[in-house]
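Please read the following note beside the sequence and the model, taking the points one at a time.

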Amino acid sequence: MSGFLSSSIARKVAMALSALFLIIFLLIHLTVNITSLFSENVFNELSHFMGTNFLVQFLMQPILIFGVVFHFVMGFVLELKNRGSRSVKYFKYNGAANASWMSRNMAVSGGVILAFIVLHFIDFWFPEMNHKYIEFLPEDPTRYFAELQHKFADPLRVGAYVIAFVLLALHLLHGFQSAFQSVGLNKYTKCVKTLGKIYAIAIPSGFIIIALFHYFNH
Amino acid sequence: MNLTLKIWRQKGPQDKGRMVEYKVTDISEHMSFLEMMDVLNESLVAKDEEPIAFDHDCREGICGMCSLQINGEAHGPDRGITTCQLHMRMFKDGDTIFIEPFRANAFPVIKDLVVDRMAFERIQQAGGYISVNTSGNTQDANSIPISKQNADLSMDAASCIGCGACVASCKNSSAMLFVAAKVSQFALLPQGKVEAKDRVKNMVMQMDLEGFGNCTNTGACEIECPKGISIENIARLNREYLAATI
Amino acid sequence: MTTLNSRIPEGPIKDKWTLYKDKINLVNPANKRNIDIIVIGTGLAGGSAAATLAELGYSVKAFAYQDSPRRAHSIAAQGGINASKNYMGDGDSNYRLFYDTVKGGDYRSREANVYRLAEVSGNIIDQCVAQGVPFARDYGGLLDNRSFGGVLVSRTFYAKGQTGQQLLLGAYSAMNRQIARGKIEMFNRHEMLDVVKIDGKARGIIARNLITGEIERHSAHAVVVATGGYGNVYFLSTNAMGSNATAAWKIHKKGAFFANPCFTQIHPTCIPRSGDYQSKLTLMSESLRNDGRIWVPAKLEDAKAIQQKKLKPIQIAEENRDYFLERRYPAFGNLVPRDVASRAAKERCDAGFGVNATGEAVYLDFATAIKRYGTEQAKIHGINNASIEKITQLGEAVIEEKYGNLFQMYEKIIDENPYKTPMMIYPATHYTMGGVWVDYNLMTTVPGLYCIGEANFSDHGANRLGASALMQGLADGYFVLPYTIGDYLADDIRTGKIKTDLPEFDEAEKSVKSQLEFFINNKGTHTVDYYHKRLGQVMWDKVGMARNEKGLKEAITEIQEIREDFWKNVKVPGSLNEFNQELEKAGRVADFLELGELFAKDALEREESCGGHFREEHITDDGEAKRDDANFAYVAAWEYTGKPSEAILHKEELEFKDIELKTRSYK
């Protein structure tokens, strides 16, 4: 990588910015999905808007995809470089003595989340793209809720979702405040850390509740 | 107390190196860790074996010469100290202690437990200074007041002893805390502001060239730092770097 | 006996330095780059000198045995640095700093040098602030000062308890700037093993690359030695493990006179030795004596019980304690100068009143201060009838605020809580006022060979005041040597590069190599440390805090015996061409074994008590030091002639024109 992204700090900032973008996305995603717990209509309405709005579909969506891909590719590149910076390993390395499991295993939690996203794309995004832009099927503004319920009928899938979201929580527990640290915002560290913890637990919990709710209520 | 030591032995930079087991007996709990190593070395010389090479000098926790990864932690299990200040009362009779050099590609092993930390020197040479001539014909020391808060924060950052524990502890072998400490010290003082942009860019560039890893904010460096230098300095470094490049 | 030429310029003391600088020869900038200077040692003095000389345009080669200039032992200085800025408006001036330093040094230093030191002290602070040294500041943003022992004004600038570190890092950063510009070539992990003289002038050195073991030749037009003191001659001292006298001793053997070796400072507040394995002693700031009261049990049986751990200090009633400093020196009490406090502690311990297992420790008790501060705080906070617990808690908070880091350090080492039980302290060797003799230009008796910082016999006379070592190191390096060396080098602009294939280099290299080979091939029976410890024991017992003729004569014989044994039976493992720490130590101890003897000889010759040198034969009726200005107001400069025992004494008479000689009294 050349130019601005050749410096370690710039890469780290880029990681943080894509992370902050994804954090905002997760919040919006959950806001839409959570409505499915109490109102089929609102959920359908919002989903329809997201699925058909030009700006969302042709501006936000590509940016989001770029953000996700960038975050993964950069994360992977950095992980490789970091592992490579200590060729001879310690016989004994007591990492737990000075850093949390979450912070030391972002690549592990990230990998699991990547696997989840593949599953998630197969479940929702590919069919959705197929529906809209390949087969050009007619839009039915009420189809979303049923599709959602249908997906969460399978206990294995629900289980996979729950596991992925637990890992997402762990990823966020470190990632949220780490992103702020990376862009140099440390003045409100305490506040950021507390907010990060709330976010890291609340957002994945929300998704888990949705998955379980639909599994038990379909 | 009696202890089993597993120590890294490596004849020179080209040698592959290996862990070797030693036994030491009658170790007093009041000994410092390096005095225990002295005892071992004296016994090795008496047996016509080669003593273990390790770096040390002031033995009061300030020169930054001593290193050692002890039981998987830089400067051992105690906090806020260097290896020379670590005492044997932190261990129990019968313990096995792993003693390894600080490891990072940027810190090649010279011999046994001695590593080459010239990478730190080159980073400092890249900009860890204020370009003022040492003529003494500067302005009076009190002509620019500096808020006590900033002076104290600058001092906290400046207390870095350049031992390399941050690099040794970091799972990525990142030198960010070291660089951040120097950049912060100057960034907090009006005297340092003049060259702030070039300084941070050049020091970070040199840091990257040396082959240290990237910071992933695990915070291990801050915990293992003998001087307790805060990772808030790393955030400041990031900020300074962004301000300088954008 | 020859008279040494100290080259003190004419004129009134206040103007000497200025007038002198106006007249000395300068080297033009274009010529400077063709002149090489070697600087050995990169602590405060060497580091600041290397940076400044490079900045002036000279080509500098700097050498350090550590892996970085930042590791030099200057870094361990805690308290502060003196400067006569008079920021506090308490009546300080250059003259007062000069006066205090000469008086504190017990009138055994050279007036003109000390005045110059005081004169440039203010510049040091300006310089360091400009370099980004984060000195302590008050809430108004201006520099803070504190007071130190032996003076009546507050003139000590400080950076937490790490002033030496910050000043060294300042000099180090100035060096780094020049290293980056290519003006300083830095040789880390290199040890200077001999100086090379050509036509009587210092023209280069022989150094060993400590990583590869390679012997290297380096030439220059002038050589500067800034390698610190020789306190490690005692084996146990507050010096770093690697601190050594090799460079200073090697140049002494090549013709540089060695001055006042017996002037050594023993610091009273160090953490006592805990066993035979002890490798070094740790100093705790002198400031502790502001609030701590020093005592031992008044009854011998109590002391014995404490030594056997049958009794705890807090169990000893107030009336059974002997606050010996307060008893002997009611006026200054616990704040008597370092040498006086150290000797008093030794006297009690020698009489059997020591308070740890080794019998070599006295108590430094903060209980009174905790109670006093606690009561005061209770009043401030409006707490009436505060309980003892509350008072203790409040008092401990004040003590923690003032000395927290020292208390923590003590607890880490001794594993006792000094808030609850008195600290144990004992004196330890800390600083050496003696060293290589230099003239006003800081040049030794060998032309082109300079010596600066603690390594020279310096401006501190027979005793150094607190916070003056940093001042002297930086003054020499930043502001004195860069001027005076130009005066000498002005004659060298046409010399051209000094070749390293000259016979003088061959010879020096040969002798260095043969000594190293001897060590490796000797295959003796005892380790280097064995001899170093034996030497240290003799030095401490007989050439330590109190000396007498009989002991000194014994010491000389014993040191000779140890040296003889060393050269027969020393065992150095490993080989020449590798990283070999035992080999490094062997060379250093070999030099200490010679220096120690000269030290004792100098102490024997100086038939008076002054400053750090206390001769039991020369005391007043009440047991205090008795100086003899009529016969000993001189600098004893020793010339090497082949053996320390045959060294020739040269006297530089000290003239005191601006200060009246007085007896120090702290009663």
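**Notes on the predicted model**

1. In chain C, β7(C) and strand β8 (residues 201–209) pair in the antiparallel sense over 8 bridges; strands here are DSSP runs of E with at least two residues, helices are runs of H or I with at least four residues, and both are numbered from the N terminus. Two strands count as paired if DSSP finds at least two bridges between them. Within this pairing, C:Val196 stands opposite C:Gly204 in β8(C).

2. A word on the source is needed before going further. This is a predicted model, in which local features need pLDDT of at least 70 and side-chain atom pairs count only at pLDDT 80 or more, whereas totals for chains, interfaces and linings use all residues. Residues are numbered from 1 along each chain as its sequence is written, while chains are lettered from A and ligands numbered from 1 in the order in which they are written.

3. In chain B, how do helix α3 (residues 148–158) and helix α5 (residues 176–187) cross, and within what distance do their axes come? The axes come within 8 Å and cross at roughly 155°, which makes α3(B) roughly antiparallel to α5(B). By the cut-offs used, angles under 35 degrees are roughly parallel, those over 145 roughly antiparallel, those from 65 to 115 roughly perpendicular, and the rest oblique.

4. The contact between these helices can be followed residue by residue: B:Ser154, B:Ala157 and B:Ala158 in α3(B) meet B:Ala181, B:Ser184 and B:Gln185 in α5(B), where contact means that C-beta atoms, placed from the backbone, lie within 7 Å. The residues of this contact divide into 3 nonpolar, 3 polar and no charged; Ala, Val, Leu, Ile, Met, Phe, Trp, Tyr, Cys and Pro count as nonpolar, Asp, Glu, Lys and Arg as charged, and the others, Gly among them, as polar.

5. Leaving aside neighbours within four places in sequence, B:Ala181 is in contact with B:Ala157, B:Cys160, B:Ile229 and B:Asn233. The C-alpha atoms of B:Ala181 and B:Ser154 are separated by 8.6 Å, although these residues are 27 apart along the chain.

6. The contact between chains B and C takes 63 residues from chain B and 66 residues from chain C. On the side of chain B that touches chain C, the largest share, 6 residues, comes from α1(B).

7. Chain A has 8 helices and 0 strands, and 28% of its 218 residues count as buried.

Note on methods
Axes are lines fitted to C-alpha atoms, for helices over the stretch in contact, and angles run from 0 to 180 degrees between N-to-C directions. Two residues are in contact if their C-beta atoms, placed from the backbone, lie within 7 Å. A residue is buried if 20 or more other C-beta atoms lie within 10 Å of its own, exposed if 12 or fewer, and partly exposed in between; C-beta atoms are placed from the backbone.
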